[in-house]
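Please read them alongside the coordinates.

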Amino acid sequence: MADSAAKPWAKHETDELYQKAKRAKSDNENGGGEVGKEIECENILSEFKTTKVLSDSAREKNIFIHGKLADQDAVIILEKTPIREDTLAELFTGSTLKLEMKNDIYSTYRLQAPPQLNEIKTTVVCPATEKHIKKYQRQESFLVEETGADYQSITLPYIQKQSFSVQWVYNILEKKAEADRIVFEDPDPTVGFLLLPDFKWDQKQVDDLYLIAITLQRGIRSFRDLTQEHLPLLQNIFQKGKEAILQRYQLPASKLRVYLHYQPSYYHLHVHFTKLGYEAPGCGVERAHLLADVIQNLQSDPEYYKTRTLYFPLRVDDGLLSKYKEAERL
Ligand code: M7G
């Protein structure tokens, strides 16, 4: 693990959050209703009934499962987390070892780590919609070519009816959820944004750093809606986002991949900040567009994203793909 300098930060941060979370437990029990604090809670997963494994990866050590939680559809994501350098001493001294085989100078073991070093990052989406279940299912994809006219006649009508709810985004903007996770906030109504950890990141190490900047302005669905008038907003997110990450995580701009997705899953403008070198899901060229390029494109042509043909992958059972097929655009 490379960024050992950042570990004291990580440990301090998570310990503090954990303590705060424990204090928050009673608030929550009193019906505070705030979502997103890390609290000790009952094991709701003991009632989970698996319907189907949507996808899994031995390499990434994760599994996406569809099932029922109290009769509601749910998606559960289980993911083994990286081994941290700052926990090695505890891992070596506090574990038990079971020998699997020994041959000459080679031996393999099963190490049973203390429970606190053996956590599985768990994400629960409940109630999950059909669209969530499809999102996490491994599927074949097709590259779609979308002209400016296609966007108006095919994509826009579809996303206006079919896209994921952005209630979670509004909860963040209104500080009803994840307020204690905000890393940076610019409250300006036009160029302002909130920067906070993406829920894919457990914040325990900077190697897989992942934050999102969410614009305060509502109604900008994706970069198809951007024109030159949004340049100050984009430049502000780029500049202040990088500064905030340097200050908090000691990670310079030269170590960051800052980009937008097209198509996004959630149509409220947001920017992804990930650590360069970390292969975040969706960071491939067919989906991720560097914010630096987006800014330059708008500087050279105010109508760039209204008129350009854009390419993006769609999964085989994505309703939008059917629309492109119906329109004989595929
Ligand atoms: P996207 O490009 O719209 O979709 O990015 P993607 O999920 O297909 O990449 C939305 C980003 O927001 C993703 O990186 C998600 O992991 C993240 N995200 C989604 N939800 C529902 C939440 C949430 O409730 N809290 C936080 N902090 N991040 C979320």
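**Notes on the predicted model**

1. The chain contains 9 helices and 14 strands, where helices (H or I, at least four residues) and strands (E, at least two) are DSSP runs numbered from the N terminus. This is a predicted model, in which local features need pLDDT of at least 70 and side-chain atom pairs count only at pLDDT 80 or more, while totals for chains, interfaces and linings use all residues. Residues are numbered from 1 along each chain as its sequence is written, and side-chain values use heavy atoms, with hydrogens and water left out.

2. Of the 330 residues in the chain, 42% are buried, a term that means under 20% relative accessible area, with exposed over 50% and partly exposed in between (1.4 Å probe, protein chains only). Among contacts (heavy atoms within 4.5 Å) between residues at least 6 apart in sequence, 64% join residues at least 24 apart.

3. An open sheet is formed by 4 strands in the order 1-2-3-6, with antiparallel pairing; two strands pair if DSSP finds at least two bridges between them. Strand 1 (49-57) and strand 6 (120-125) stand at the edges with a single partner strand each, so one side of each has no neighbour in the sheet. Within this sheet, strand 2 (residues 62-69) and strand 3 (residues 72-80) run antiparallel and are joined by 8 bridges, and Asn62 stands opposite Glu79 in strand 3.

4. Which residues are closest to the ligand? They are Lys135, Glu178, Asp198, His261 and Ser265, from a shell of 17 residues (one heavy atom within 4 Å). As for polar contacts (pairs of N or O atoms within 3.5 Å), a polar side-chain atom of His261 lies 2.5 Å from an oxygen atom of the ligand, and one of Tyr210 lies 3.3 Å from an oxygen atom of the ligand. For Tyr266, a backbone N or O atom lies 3.0 Å from an oxygen atom of the ligand. The protein covers 91% of the 590 Å² of accessible area that the ligand has on its own, as given by the Shrake-Rupley method with a 1.4 Å probe.

5. Strand 10 (210-215) and strand 12 (270-275) are the elements that give two or more residues to the shell around the ligand.

6. Strand 10 pairs in the antiparallel sense with strand 9 (residues 193-197) over 5 bridges, where Leu196 has Ile212 as its bridge partner. Strand 10 is also joined to strand 12 by 5 bridges, again antiparallel, and Leu211 stands opposite Phe273 in strand 12.

Conventions: Polar contact = N/O pair within 3.5 Å; in protein donor to acceptor, adjacent residues only side chain to side chain.
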